[in-house]
Amino acid sequence: MRTCFRCQNEMKEGFEVKVEGGGFGIKIFGGKGVFAKRIEKPRVAICPKCGEISLYIENPDGIESK
Ligand SMILES: [Zn+2]
């Protein structure tokens, strides 16, 4: 469960990020260019109380810092 950092309300999780008009999602990479390591598709959590949104990934364990 994720808690809204603004109002401490419970957030709704698991929404996807899409670019409006294109139907494309966004991705997060580590590094640059063709050797970039794809990390994971980000998800969005939304606070139903204040509208705060939070981007997160579901499995952060395998991520190495650069
Ligand atoms: Zn909130």
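Is arginine 43 buried or exposed, and what is its relative accessibility? In the predicted model, arginine 43 has a relative accessibility of 18% and is therefore classed as buried, since the cut-off for that class is under 20%.

Side chains of opposite charge can pair when their charged atoms come close. Across the whole structure, the search returned 5 salt bridges. Arginine 43 takes part in a salt bridge with glutamate 16, with an N to O distance of 3.4 Å. In contrast to the buried arginine 43, glutamate 16 is partly exposed, at a relative accessible area of 40%.

A salt bridge is also formed between arginine 43 and glutamate 58, whose closest N and O atoms lie 3.9 Å apart. Here too, distant parts of the chain are linked: arginine 43 lies in strand β4, whereas glutamate 58 is located in the segment after β5 (53-56), 15 residues away. Glutamate 58 is partly exposed, with 44% relative accessibility.

Glutamate 16 additionally meets lysine 18 through a side-chain salt bridge, for which the N to O distance is 3.9 Å. Through shared partners, the salt bridges join Glu16, Lys18, Lys41, Arg43 and Glu58 into one network. Within this network, the buried residue arginine 43 is paired with glutamate 16 and with glutamate 58, and both glutamates are partly exposed.

Notes: Residues numbered from 1 in each chain as written. Predicted model: local features only at pLDDT ≥ 70, side-chain atom pairs only at ≥ 80, totals over all residues. Heavy atoms only, no water. Salt bridge = Lys/Arg side-chain N within 4 Å of Asp/Glu carboxyl O. Buried < 20%, exposed > 50% of the residue type's maximum accessible area, 1.4 Å probe, protein only. Helix = DSSP H or I, 4+ residues; strand = E, 2+ residues; numbered from the N terminus.
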